[in-house]
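Here is a short report on a ligand site and a pocket. Look over the sequence and the structure before reading on.

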Amino acid sequence: MPKQIAFKGSIEYLQILKENGKVDEKLMPSLNKNEIIRMYELMVFSRKFDDKLLALQRQGKIGTFAQVKGQEACQVGSCYAMKQEDWMFPAFREAAAFLTRGLPAEMIIETVAGDERGNKIPEDVNCFTYSVPVAGQILHAVGFAWGFKLRKERKAVVVFFGDGATSKGDFHEGLNFAGVFKIPIVFICQNNQYAISVPREKQTASETIAQKALAYGIDGIQVDGNDLFAVFKATQEALKKAKDGKGATLIECVTYRLGDHTTADDSSKYRTKKEVDEWSKKDPIDRVKKYLESKKYWKREDEEKLFKKVEEKINDAVIKAEKIGIPDVEDMFKYMYKEMPWYLEEQLQEVKDAGNGSS
Ligand SMILES: Cc1ncc(C[n+]2csc(CCOP(=O)(O)OP(=O)(O)O)c2C)c(N)n1
């Protein structure tokens with residue numbers, strides 16, 4: 001019999017809030033009624049904001065964008081567990097994460113309308129900008145978190161990516177580096193079952209994405225990504241561990257993208273209505289609502305009031321975004337580097353000479 005090398009080889013699965021709104025009280029994180037209501041409001045806001053962006057895109061007012069729909073618990077639950085001083089690194093589907101971190105909604109509209117001013121994240125919001133190149137943000141996030149460690153600051157980073165991103169070298173390089181140097185970072189993979197039309201089974205032969213953590217010597221956990229409380233708890237514990245100098249965690253949130261990949265996609269070409277209907281029954285927002293109602297924390301009047309407030313806030317954000325006016329052409333050149341390199345200076349000058357510069 002060949003010699004066996006033993007290693008730690010199991011992955012915990014966490015679910016607290018079931019589809020019927022019942023919770024496993026023993027596993028509940030410590031969250032008070034107001035905190036849970038606040039998270040519910042953020043999820044509802046995010047869903048309605050998604051709907052509004054879709055309408056604006058269909059009217060030709062904004063460009064292509066990626067809906068969050070179905071993944072609200074992954075983003076609200078994890079970002080709610082973060083402290084203000086922590087940093088969030090998004091992929092391109094993280095509007096709910098941004099909103100939870102406090103980014104004004106109008107800035108998201110500006111960004112998807114192609115206005116760089118939407119990417120000028122306010123100083124106290126502590127988020128990087130959207131990353132459209134798949135997985136690139138993982139390396140930025142690891143480097144950033146390494147900085148916290150070198151400076152001995154008690155802060156951590158949360159980085160989001162999809163199941164598709166786990167096939168990129170950046171993912172493996174990032175996890176490896178984080179493991180070796182015990183970086184204070186939480187990797188959140190929103191496994192929404194597809195990378196555009198590529199299903200999860202074609203992405204990896206691993207049974208779970210969470211188990212990939214083991215190869216890099218970091219902790220991995222799989223959570224029900226449509227369960228707000230499980231995502232919150234797993235992230236809160238991972239952040240504490242990161243800040244206590246105990247290294248990184250990979251959290252796989254098992255979820256489902258209820259909408260198309262982006263507004264340029266038609267998901268009916270590669271998945272069935274039956275599948276979407278099945279996942280709709282696991283909707284993360286309905287679950288929290290059922291929980292709140294069962295605890296008598298939430299009534300129909302509260303829901304009506306919330307919907308009205310959300311609609312007003314979204315309409316207000318649209319008005320603010322529309323009022324911002326035409327951007328300065330320099331904005332296209334300004335933000336990539338602290339000091340503009342000579343070739344960008346030259347290009348900017350060309351634009352100005354052609355009479356297109358507004359400054
Ligand atoms: C480096 C790179 N390669 C390809 C693309 C095109 N592309 C955009 S999104 C996407 C799939 C991403 O899937 P996943 O990481 O699972 O995230 P999801 O869209 O499901 O949130 C691809 C291949 C890209 N944006 N960047």
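By class, 20 nonpolar, eight polar and six charged residues make up the lining of the largest pocket. This is a predicted model. The largest pocket holds about 1,100 Å³ of space. It is lined by 34 residues, of which Thr111, Glu116, Asn119, Thr129 and Tyr130 are the closest to its centre. Helix H1 (33-58), helix H4 (105-112) and helix H13 (331-334) each give two or more residues to this lining.

Why does the largest pocket lie between domain 1 (12-326) and domain 2 (328-359)? Because both domains give residues to its lining.

Now the ligand. Its shell counts 15 residues, and those that come nearest are Arg93, Val132, Gly164, Asn192 and Tyr194. By class, the shell has eight nonpolar, four polar and three charged residues.

| Residue | Protein atom | Ligand atom | Distance |
|---|---|---|---|
| Arg93 | side-chain N or O | oxygen | 2.8 Å |
| Val132 | backbone N or O | nitrogen | 3.0 Å |
| Val134 | polar backbone atom | nitrogen | 3.0 Å |

On its own, the ligand has 580 Å² of accessible area, and the protein covers 70% of that.

Technical notes:
Residues numbered from 1 in each chain as written. Predicted model: local features only at pLDDT ≥ 70, side-chain atom pairs only at ≥ 80, totals over all residues. Heavy atoms only, no water. Near = heavy atom within 4 Å. Polar contact = N/O pair within 3.5 Å; in protein donor to acceptor, adjacent residues only side chain to side chain. Areas by Shrake-Rupley, 256 points an atom, 1.4 Å probe, with all protein chains shown as cover. Nonpolar A, V, L, I, M, F, W, Y, C, P; charged D, E, K, R; others polar. 1 Å grid on protein atoms, 1.4 Å probe; cavity = no way out; pocket = protein on both sides within 12 Å on 5 of 7 lines; lining within 4 Å. Points joined across faces, edges and corners; volume = space filled by probe spheres on them. Helix = DSSP H or I, 4+ residues; strand = E, 2+ residues; numbered from the N terminus. Domains from an automatic or database assignment.
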